[in-house]
Each structure stands twice: as C-alpha cells, then as structure tokens.
Amino acid sequence: MSCSHGHPAPANPHDAGPPLWLLAELTYRCPLQCPYCSNPLDFAQTERELTTDEWVSVLRQGRAMGAAQLGFSGGEPLVRPDLSELIAEARHLGYYTNLITSGLGLTEAKVDAFAEAGLDHIQVSFQASDPELNNAVAGSRKAFDQKLAMARAVKEAGYPMVLNFVIHRHNIHQMNDIMDLCERLGADYVELATCQYYGWAFENREGLMPSKAQLVKAEQEVNRYRERLQQSGSAMKLIFVTPDYYEERPKACMNGWGNLFLTVAPDGTALPCHSARLLPIEFPNVRDMDLQNIWYDSPGFNHYRGDSWMPEPCRSCDEKEKDFGGCRCQAYLLTGNADNTDPVCNKSAYHDRILAARRAADHATAGLTELVYRNADNSRLFFRG
C-alpha cells in the first residue's frame with residue numbers, strides 16, 4: 001500500500017482511523033477584535049499563508065484519506081479572494097462544506113456565488129443581542145447591522161440558518177433576548193457556546209468568566225425556552241455548551257488526540273486541534289510532508305495517542321477511554337505541563353486552580369472591565385458589564 005504521493009504507507013502504531021473532519025483555517029486575518037478569540041496571541045507573526053494551489057492539494061489529500069466534513073474558518077475566511085474557488089474544489093471532491101464566518105465582508109452576491117460553487121452550510125456568529133454590546137465586544141461599530149443583514153441573506157438563499165453566540169460574563173444576562181433574536185431571524189440551529197479559555201480568551205479569562213449563579217440561571221432560561229419552542233411546534237434547536245471550568249470531569253477533547261479532527265493552520269502547520277500550536281511540540285507542515293504521513297506517522301500527531309503517555313491518576317482511571325485524559329492545551333495553560341491530568345478533573349492534583357478560577361468569577365465586580373483585544377492598535381477597550 002502507498003500514500004497518495006507514491007511513498008510507502010506510513011506506520012500506524014496506534015491503529016488510528018482516518019481524519020473525518022478537516023478544518024481549513026484559511027487565514028488569521030479578521031476585521032473583528034474579539035477578546036475571546038481562540039487564535040494564537042502572536043497571530044500577526046504567522047508566516048505567509050498557503051496559496052490557492054497549496055490549499056487545493058490539502059483538500060485533495062484529505063479527501064483521499066477519507067475526510068468527509070470540511071470547515072472553512074479563520075480568522076475571517078471571507079478575506080481570502082479565492083474562497084469561491086476552494087468551495088468549488090471541495091464540492092468537486094465530495095466534501096460536505098461549512099463556512100464559519102463573522103458575516104463581515106459577506107454580501108448577497110457572495111452568498112449566491114458560494115451557493116453556486118456548492119457550499120452546503122454557513123454559520124454566522126454574533127457577539128450579543130443588541131448593537132451596542134455586540135459592537136463593543138467585536139471592536140467594530142458596524143458589525144451588528146451587517147450580521148443581521150447577512151443572517152437574513154443566508155436564510156433567503158436557502159441555507160439552514162445556523163447562528164453562534166459566544167457566551168461570557170458580559171452577555172450572559174441577555175440569554176432570553178438572544179434566543180428571541182434568533183427566533184425572529186428564523187434560525188434553525190443556535191449554538192450558545194459558553195466561552196472556553198484558549199488564546200485571547202485565556203488572556204481575558206478574569207474579565208470573561210461568568211459566575212456559577214449566572215451560568216445556572218442561563219441554563220435554566222435555555223431549558224425553559226426549549227420547552228416553549230417544543231410547545232409552539234418551532235423547529236429551532238438550541239445547543240447550550242457549558243464551560244469546562246464548571247465541570248467535574250474533563251471532556252473528550254476533539255474526540256481524542258489525532259482521532260477524528262485534523263486542522264491545517266494558515267501557514268500550513270498541521271494540528272490535531274485548533275489550539276495545539278501553543279504546546280511545546282513540533283508539528284509538521286503540509287509544505288514539507290504529505291498529509292497522510294502527517295496524520296499517521298508524525299511525532300506531533302502520535303504524541304498523545306493511546307494511553308502510554310498518561311500519568312496517574314489517568315492511566316488507572318476507568319474513564320480514560322471516554323475522556324482520553326481531557327484537554328492537553330488546558331493542562332498546559334493551567335499547569336505548565338501538557339502531560340498532566342486536565343485540571344478540570346476532580347482527581348487532578350491541580351483541580352484547585354479550577355476552583356480558584358470559579359471563586360474569582362463569583363467575586364468579580366460588574367463595573368468597568370478591562371479586556372485585551374487581539375488588535376495591537378486597539379489593545380484596550382472598556383465597556384460597562
């Protein structure tokens with residue numbers, strides 16, 4: 001057996017299956033400055049982005065390996081002038097494609113062009129349910145109106161309307177207003193994703209993390225809204241994602257390291273998850289290695305496969321087949337060692353750091369909050385929480 005470029009098939013020491021979900025991070029550039037952005041803190045230093053031809057090669061290699069779902073993400077993928085071309089290539093290859101966008105830079109003409117190219121799905125993100133807060137969080141004075149217009153254009157073009165709200169301390173009080181807005185827009189699916197703390201979100205954790213009381217109230221409001229939707233016969237689906245920091249057991253991060261998800265960053269770095277480049281691990285680049293060899297044979301992708309790397313208590317835990325030891329990025333950010341048990345786990349020796357973060361959120365003041373924004377030229381913005 002040989003790989004797509006004619007080289008011998010790589011070793012597969014952990015009996016890894018194929019990557020079924022490919023995330024193409026086309027760029028880290030973005031017109032918004034969200035303080036919860038999960039892009040790397042040094043995103044501006046990223047080396048040159050992959051060319052159109054290089055991305056086409058990545059898509060072809062991924063599909064040949066068995067990848068079926070393809071996400072176009074960023075940054076803001078709309079800043080790439082070749083997006084329609086890449087969508088068309090993905091359709092030709094047989095991917096189910098999803099565009100993850102802020103909506104800024106989107107036009108009705110582009111919505112139609114993407115549909116003609118074969119795009120299956122568009123997800124539009126919002127920062128809040130009202131213009132003032134939405135624009136303050138986004139760092140853009142015109143973001144909210146543009147998002148509304150493009151959400152409606154997506155719906156009118158026949159796409160399923162999928163909306164995403166990142167929930168944090170400054171908008172969690174708007175849950176009912178957010179859901180009302182989604183219902184008025186005719187949303188089919190709404191992801192209410194409570195902020196997870198990586199990248200800029202980790203930098204701003206103290207100013208973003210909601211209290212336990214806020215989280216409990218928000219979840220109750222979502223559940224009541226679900227009941228009302230069901231009673232009215234509405235087809236709108238609400239997905240509420242709780243933050244890791246309020247769990248006692250770690251999540252099965254990305255369904256396990258190098259198990260289903262393969263991310264390619266703008267500069268061609270291949271990663272087992274979006275945030276993994278923050279780890280002190282050398283990851284391969286698609287400019288230097290075939291995608292198949294990257295997935296099956298590279299040290300970076302085999303680093304946390306299996307359980308031989310696990311310390312105690314993970315190695316003896318009867319749930320290690322469910323959570324795979326939790327999130328390596330979270331372990332690194334909170335303990336300085338990615339090998340450690342995810343501190344979210346109540347068996348972790350570092351679980352007290354999660355408890356301390358919860359206590360800090362419970363006692364955080366609701367006045368003026370300083371947040372660090374991803375644009376160095378606009379690094380401090382203040383708004384009332």
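These questions and answers walk through a few residues of a predicted model.

Trainee: Which residues does the UniProt annotation "binding site" cover?
Mentor: The annotation comes from an unreviewed UniProt entry. The lining of the largest pocket includes the residues it covers.

Trainee: Where is the place of cysteine 34?
Mentor: Strand S1 spans 21-25. Helix H1 spans 52-65. Cysteine 34 sits in the loop between S1 and H1.

Trainee: Is cysteine 34 buried or exposed?
Mentor: Its relative accessible area is 9%. Buried means under 20%. Therefore cysteine 34 is buried.

Trainee: With which residues is cysteine 34 in contact, leaving aside its neighbours within four places in sequence?
Mentor: Leave those neighbours aside. What remains for cysteine 34 is Gln127, Val137, Ala138, Trp200 and Arg374.

Trainee: Why is cysteine 37 called buried?
Mentor: Cysteine 37 is also found in the loop between S1 and H1. The cut-off for buried is under 20% relative accessible area. Cysteine 37 counts as buried because its value is 15%.

Trainee: Which backbone oxygen does the side chain of glutamine 196 reach?
Mentor: Glutamine 196 lies in the loop between strand S6 (189-194) and helix H7 (199-203). Not counting residues up to four places away in sequence, it touches Ala201, Val241, Thr242, Pro243 and Asp244. At 3.2 Å, its side chain reaches the backbone oxygen of threonine 242.

Notes: Residues are numbered from 1 along each chain as its sequence is written. This is a predicted model: local features need pLDDT of at least 70, side-chain atom pairs count only at pLDDT 80 or more; totals for chains, interfaces and linings use all residues. Side-chain values use heavy atoms; hydrogens and water are left out. UniProt positions are given in the numbering used here, feature names are shortened, and annotations may be inferred rather than shown by experiment. On a 1 Å grid over the protein atoms alone, a cavity is a set of points where a 1.4 Å probe fits but cannot get out, and a pocket is an open set with protein on both sides within 12 Å along at least five of seven lines; lining residues have an atom within 4 Å of a point. Helices (H or I, at least four residues) and strands (E, at least two) are DSSP runs, numbered from the N terminus. Buried means under 20% relative accessible area, exposed over 50%, partly exposed in between (1.4 Å probe, protein chains only). Contact means heavy atoms within 4.5 Å. A polar contact is a pair of N or O atoms within 3.5 Å; within protein, one must be able to donate a hydrogen and the other to accept it, and residues adjacent in sequence count only if both atoms are side-chain atoms.
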